[in-house]
Amino acid sequence: MNDSVTSLSSISSDSVSSESSTSVSDNFLTINENDLNEDILEKEIEKCNQMIRTTKECSQERMRLVRRLVELRFKLEMITEIKALENKNLPNETKVVFGHHLSFVFKPNWLENKFCDVCTKTIWKYMQQLYECSDCGYYCHIFCVEKIKRVCTAVVASEHSMILTITPSNGLLSQDYKCAECQSYIRIRNTKMSSEDNLSLEARLCDYDGKYYCPLHHWNNTALIPARVLCNWQFEKKCVSQASFQLLNYNYKSKMYNLEKHNPKLYTYLESLNQIKNIKNVLVKMKKYLVLCKVWNAQLKNVSSRCHELLYDSILYSMKDMVEIKSGLFLEDLQGVKDVCEKHIRYECEICKNQGYICELCQKDTIIFPFDEDAHSCVKCDNAYHYQCWKNRDFCPKCKRIKERSKLQEV
């Protein structure tokens, strides 16, 4: 073993004299110490930690030791990563693990460092290589691939429906005091009993599925809970596990919630939902004109994606839509889409305008459309009339003509 390794191994944590400690701390890790292995580095890191505890705060000696500790840990990470690279030979093809389609990332273009979803440690973008799932955005070190246990969020979202009921906790006993994901033993921390309670055993509750997780799989990330939004219209973010956090973010923009089916009482207490429902019913009637209009279809390329989304939307909503409904942005955008379509049908397009109706009951010359507020359509023939005229009618003129024509044909 060379002189550098000998000097490292000769470091003693019991050294008290300033001269010996100064000489040790001055021995910073350099590029010449290339033959250090993981065992030696781990021992030296532990010795350096012990020496830091014996020095005074804000002293020059502590500053030197802290710098040496950083260099030792950095060297350890580099050795671990080099060993993983030698075993994997930098594969270019996609690696499939538990449904994750992992692609090797050599130079990520992040603005901030990410965290490994396996070991929870930082992935240093300028110093470490990693794998990234192209489906759910799962990140992990190259040496953590074999330790992956979590199924890909895209697979979970496709095979399982979302939890739409508020799930109460059944306690740790129902889980046999084990983490719901990795099955490691966990417990509720009690700082009153012991101020040095180990954080690694802390049980953290996920508000989405009502289960307990260890800190490795529960990072105290917060997210909107669909069940609380649908049942109570509650938009307060709750702490969830990392698996639930990824699932909720993955489905954040997915339209899968039918408010009328899951909680129709919301329309009783929220006026904005009633307005949105009425506008959507109007847009359904307008689409009968727009779908057959050649002018509108030619202008679809110039229509914004937001307008297209709201116009051809179904009765389903996403979590993003419900957040915008809460803020009033959704209603504002929907009203804007309605105004654009109505302007096209009523004023701009001659084809759509000529498909309007004249009330045959009052014989007025004003053109009416089925989506007008004061209009009513016959259920049988879809002919439009003024609502007041239809209310006082004795018969539908168009239905009467159809009936008379059918009798003549029979004769």
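Colleague: In what order do the four strands form the open sheet?
Modeller: This is a predicted model: local features need pLDDT of at least 70, side-chain atom pairs count only at pLDDT 80 or more, and totals for chains, interfaces and linings use all residues. Strands (E, at least two residues) and helices (H or I, at least four) are DSSP runs, numbered from the N terminus. Two strands pair if DSSP finds at least two bridges between them. Here the pairing is antiparallel, and the order is E1-E2-E5-E6.

Colleague: Which strands stand at the edges?
Modeller: Look for strands with a single partner. One side of each is left without a neighbour in the sheet, because the edge strands are E1 (95-97) and E6 (139-141).

Colleague: What does the twist average from one strand to the next?
Modeller: Axes are lines fitted to C-alpha atoms, for helices over the stretch in contact, and angles run from 0 to 180 degrees between N-to-C directions. From strand to strand, the twist averages 35°.

Colleague: How many bridges pair E2 with E5?
Modeller: E2 covers residues 100-105 and E5 covers 130-133. Ser103 stands opposite Glu132, and Leu102 stands opposite Cys133. The antiparallel bridges between E2 and E5 number four.

Colleague: Which residue takes a positive phi in the hairpin of E1 and E2?
Modeller: E1 and E2 run antiparallel, joined by three bridges. One pairs Val97 with His100. The hairpin has two residues between the strands, and the positive phi, near 50°, belongs to Phe98.

Colleague: How many salt bridges does the structure hold?
Modeller: Residues are numbered from 1 along each chain as its sequence is written, and side-chain values use heavy atoms, with hydrogens and water left out. A salt bridge needs a side-chain nitrogen of Lys or Arg within 4 Å of a carboxyl oxygen of Asp or Glu. The total is 17.

Colleague: Asp207 and Arg228: buried or exposed?
Modeller: These two form a salt bridge, with the closest N and O atoms 2.8 Å apart. The pair links distant parts of the chain, 21 residues apart: Asp207 lies in the loop between E7 (204-205) and E8 (212-213), Arg228 in helix H6 (226-232). Buried means under 20% relative accessible area, exposed over 50%, partly exposed in between (1.4 Å probe, protein chains only). Both residues are buried.

Colleague: Which residue forms a salt bridge with Lys255?
Modeller: The N to O distance is 3.3 Å. The pair spans 54 residues, from the loop between H7 (242-250) and H8 (259-262) to helix H12 (305-311). Lys255 counts as partly exposed because its relative accessibility is 26%. The partner is Glu309.

Colleague: What is the relative accessibility of Glu360?
Modeller: Glu360 forms a salt bridge with Arg401, closest N and O atoms 2.7 Å apart. Arg401 sits in helix H17 (397-410) and Glu360 in the loop between E11 (357-358) and E12 (367-368), 41 residues apart. Arg401 is partly exposed at 36%. Glu360 counts as partly exposed too, because its value is 24%.

Colleague: What distance separates the C-alpha atoms of Phe74 and Met127?
Modeller: Phe74 lies in helix H4 (60-88). Phe74 is partly exposed, at 39% relative accessibility. Met127 is 53 residues away along the chain, and the C-alpha separation is 9.5 Å.
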